[in-house]
Amino acid sequence: MSIDETKPFVPLNIAVLTVSDTRSLEEDKSGATLAERLTGAGHKLGARDIVTDDVEAIRTLMKRWIADPGIDVIITTGGTGFTGRDVTPEAVEPLFDKRMDGFSIAFHMLSHAKIGTSTVQSRATAGTASSTFIFCLPGSPGACRDGWDGILAHQLDYRTRPCNFVEIMPRLDEHLRRPKAKGASA
């Protein structure tokens, strides 16, 4: 992986959602970590909020952000564990048009190097919905640093070679713009 310095940096509008029953925005170290890192990289904080571990509350806000043409990427933190209140994957995955299994694999590889087998206690997930990238990280500042520094900072940078998410963004909704092929039954 390398950076092509001949290409311009393309700032994205990134929304950060913290899912927690116990934190307020003022106490939200994980959301703050993501906001600091993404703005430090040159992106714009498109929105930031906190919701409780409630499927409908999460979905309602996610749907609003997915429909917002001013938000390119959503990153959630929290609710990816196995307790009864951890419902972020259940809330978000049904909204995906396409799952991004490689994100979870890459995240667990990074995490394993730092916390060993404890990484299996996370259900980090990602996908696309309409033309929006969505990444769901665990609720610790360390996991947010690992996810941003190890994966997202690179994949959300247009200059990253050999490929990155920014360069495919204009084509994410091409299935919605393309008429059905003649003879197609689906």
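Visitor: How do the residues of the lining of the largest pocket divide into nonpolar, polar and charged?
Guide: In this predicted model, local features need pLDDT of at least 70 and side-chain atom pairs 80 or more, while totals for chains, interfaces and linings use all residues. Residues are numbered from 1 along each chain as its sequence is written, and side-chain values use heavy atoms, without hydrogens and water. Counting Ala, Val, Leu, Ile, Met, Phe, Trp, Tyr, Cys and Pro as nonpolar, Asp, Glu, Lys and Arg as charged, and the others, Gly among them, as polar, the lining divides into 5 nonpolar, 14 polar and 6 charged residues.

Visitor: How much space lies in the largest pocket, and which residues are closest to its centre?
Guide: A pocket is an open set of points on a 1 Å grid over the protein atoms alone, where a 1.4 Å probe fits, with protein on both sides within 12 Å along at least five of seven lines, and its lining residues have an atom within 4 Å of a point. The space in the largest pocket comes to about 380 Å³. Of the 25 residues lining the largest pocket, the closest to its centre are Thr80, Pro138, Gly139, Ser140 and Ala143.

Visitor: Which helix gives the largest share of that lining?
Guide: Helices are DSSP runs (H or I, at least four residues), as strands are (E, at least two), numbered from the N terminus. Helix 4 (101-115) and helix 5 (141-155) each supply at least two lining residues. The largest share, 4 residues, comes from helix 4.

Visitor: How is helix 4 placed relative to helix 5?
Guide: With axes fitted to C-alpha atoms over the stretch in contact, and angles running from 0 to 180 degrees between N-to-C directions, helix 4 and helix 5 pack at about 120 degrees with their axes 10 Å apart. Angles under 35 degrees count as roughly parallel, over 145 as roughly antiparallel, 65 to 115 as roughly perpendicular and the rest as oblique, so helix 4 is oblique to helix 5.

Visitor: How is helix 1 placed relative to helix 5?
Guide: The axes of helix 1 (residues 29-40) and helix 5 come within 8 Å and cross at roughly 25 degrees. Because of that angle, helix 1 counts, relative to helix 5, as roughly parallel.

Visitor: Is Ser130 buried, partly exposed or exposed?
Guide: Ser130, in the loop between strand 6 (125-129) and strand 7 (132-137), has a positive phi of about 55 degrees although it is not a glycine. Buried means under 20% relative accessible area and exposed over 50%, with partly exposed in between (1.4 Å probe, protein chains only). At 33% relative accessibility, Ser130 therefore counts as partly exposed.

Technical notes. Points joined across faces, edges and corners; volume = space filled by probe spheres on them.
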